[in-house]
Amino acid sequence: MFLRNVAGQYVHAQMNSRSDGSPLTSAVAVAVTVDGGAQGAGAGTLSHVANGLWQYAPTQAETEGEMLSFQFTHATGINQNVEVAPQPGDAFARLGAPAGASLAADLAGLQSATD
């Protein structure tokens with residue numbers, strides 16, 4: 001799952017040559033679009049993992065949107081576009097929250113009721 005407004009996440013794309021399909025291991029760039037806005041050069045960290053697989057770690061600001069687009073490009077490569085719809089963080093009440101002061105207190109009450 002990709003989270004909205006959170007750094008430390010990764011997007012991957014396989015980059016290959018248009019002419020012979022060989023893996024591209026250098027000169028790849030990433031452009032980022034947030035919510036259909038203007039496309040800009042990626043400000044995060046782009047690195048080659050192995051065999052033409054590229055990893056991009058967007059900045060926190062680049063994840064602040066409902067639809068993100070990461071376009072991996074190379075002058076002689078087959079460009080790849082990866083779209084992500086981030087999920088909001090856990091900003092809702094926890095399901096099954098204790099009825100009492102704590103979960104431990106609820107468990108103690110349950111245990112005494114079943115003894």
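User: Where is G65 found?
Analyst: G65 is in the loop between β5 (53-57) and β6 (68-73); strands here are DSSP runs of E, at least two residues, numbered from the N terminus. This is a predicted model, where local features need pLDDT of at least 70, side-chain atom pairs count only at pLDDT 80 or more, and totals for chains, interfaces and linings use all residues. Residues are numbered from 1 along each chain as its sequence is written, and side-chain values use heavy atoms, with hydrogens and water left out.

User: Is G65 buried or exposed?
Analyst: Buried, with a relative accessible area of 0% (buried is under 20%, exposed over 50%, partly exposed in between, with a 1.4 Å probe and protein chains only).

User: And which residues does G65 touch?
Analyst: Leaving out residues up to four places away in sequence, G65 touches R4, V34, D35 and P86 (contact means heavy atoms within 4.5 Å).

User: OK, new topic. What order do the 3 strands of the open sheet come in?
Analyst: β1-β5-β4, with antiparallel pairing (two strands pair if DSSP finds at least two bridges between them). β1 (11-14) and β4 (45-50) are the edge strands, each pairing on one side only.

User: How many bridges between β4 and β5?
Analyst: They pair over 5 bridges. L46, for one, has Y56 in β5 as its bridge partner.

User: Which residues touch the most other members of the largest nonpolar core?
Analyst: Y56 again, along with M15, V28, V30, F70 and F72, in a core of 14 residues. A nonpolar core is a set of buried Ala, Val, Leu, Ile, Met, Phe, Trp, Tyr and Cys residues joined through side-chain atoms within 4.5 Å.

User: Which element gives the most to this core?
Analyst: β6, with 3 residues.

Definitions and conventions
Helix = DSSP H or I, 4+ residues; strand = E, 2+ residues; numbered from the N terminus.
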